[in-house]
Amino acid sequence: MIKSADRLALAFKVSINMVMPVLLHMNSVDVKRKKNERKFWNRISRIYDSWIKKAFEDQYAEFRLKFSSSVQSTDTVLELGTGTGDIALHIAPHCKEVVGIDLAPEMIAIANGKRSAWNLENISFQVGDAYNLPFDEFSFDKVICCNVLQTMKDPLRAITEGRKVLKDGGEFISITYCFGDSSFWELLKLIKWVILYGKPRYWINFTRNDLIANFKRADFEILEDEDIWKTPVVLFLRCKKRG
Ligand SMILES: C[S@@+](CC[C@H](N)C(=O)[O-])C[C@H]1O[C@@H](n2cnc3c(N)ncnc32)[C@H](O)[C@@H]1O
């Protein structure tokens, strides 16, 4: 007869043998995803600022204003997918502290160069994955994200992870291109960028409703939704973490 301690040990061994391959597989999928994303965005980092300035300056002027007026002087803010740090640098004078993270080291290197030039004390940048944030739960008053969610493989995972590091009642503020609600002509224009710079590994043609549904699924209350650009549609969302 098998003793109950032996039975327990056997059950433990069997579960480990079943779970470990799944975990290892999930880890290798994640390593591959990060490698793919880094490869594309590291390459784009070299032309990113001049591209934004040339093609999207009016839109970015609006985005900067919207984020700056959505934070308060007492807020600690985390920016997911900060890129070369443009939005973080512009909101720094309006909040207590801002941390920008990005998966692509070369984006972060440019952001750090600008940080030194701008001589701001309350801002830092670090390489990091929005799906696995290196911060304690309940650390931030606001999590912000600009022009990132539509480039992600799993935006819901980033939204859920952002929720974790928010204090109760904290806000996730996103500005996201919604090509699913934009005209065919706007979609055609995307082809020009793909020809010039290549296609990001992941891309989602969000509709406004799809994007809002992701935030609701992650247990956020939608406080504000506004089209802050019409052609193409760019959706501003201010969402509150339910306590
Ligand atoms: C279109 S750029 C936007 C950069 C910046 N937010 C802006 O508005 O200028 C998208 C950025 O998201 C970053 N990104 C994509 N997936 C990410 C992830 N899982 N974790 C962190 N950053 C990510 C990319 O490296 C890239 O810098």
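Predicted model: local features only at pLDDT ≥ 70, side-chain atom pairs only at ≥ 80, totals over all residues.
Q: OK, and how many helices and strands does the protein have?
A: The secondary structure comes to 7 helices and 7 strands, and reading along the sequence gives the pattern α-α-β-α-β-α-β-β-α-β-α-α-β-β.

Q: What box do the C-alpha atoms fill, and what percentage of residues count as buried?
A: Taken along the principal axes, the box is roughly 75 × 45 × 35 Å, and 33% of the 243 residues count as buried.

Q: Let's look at α5, then: which of its residues are buried?
A: In helix α5, which spans residues 155-165, the buried residues are P155, A158, I159 and G162. They sit on the same side of α5, because they cover an arc of only 100° around the axis.

Q: Why would residues spaced like that point the same way?
A: An α-helix has 3.6 residues a turn, so residues three or four places apart point the same way.

Q: And what do those buried residues pack against?
A: The buried residues of α5 pack against the strands β1 (76-80), β4 (140-146) and β5 (166-177), and also against helix α7 (208-217).

Q: Switching topic, do β2 and β3 run parallel or antiparallel?
A: Strand β2 (residues 97-102) and strand β3 (residues 123-127) run parallel and are joined by 5 bridges, with I101 having Q126 in β3 as its bridge partner.

Q: How does the chain get from β2 to β3?
A: From β2 the chain crosses through helix α4 (residues 105-118) to β3, in a β-α-β crossover that is right-handed.

Key:
Residues numbered from 1 in each chain as written. Buried ≥ 20, exposed ≤ 12 C-beta atoms within 10 Å, placed from the backbone. Helix = DSSP H or I, 4+ residues; strand = E, 2+ residues; numbered from the N terminus. Arc of directions from axis to C-beta. Contact = placed C-beta atoms within 7 Å. Pairing = 2+ DSSP bridges. Right-handed = clockwise from strand over helix to strand, strands pointing away.
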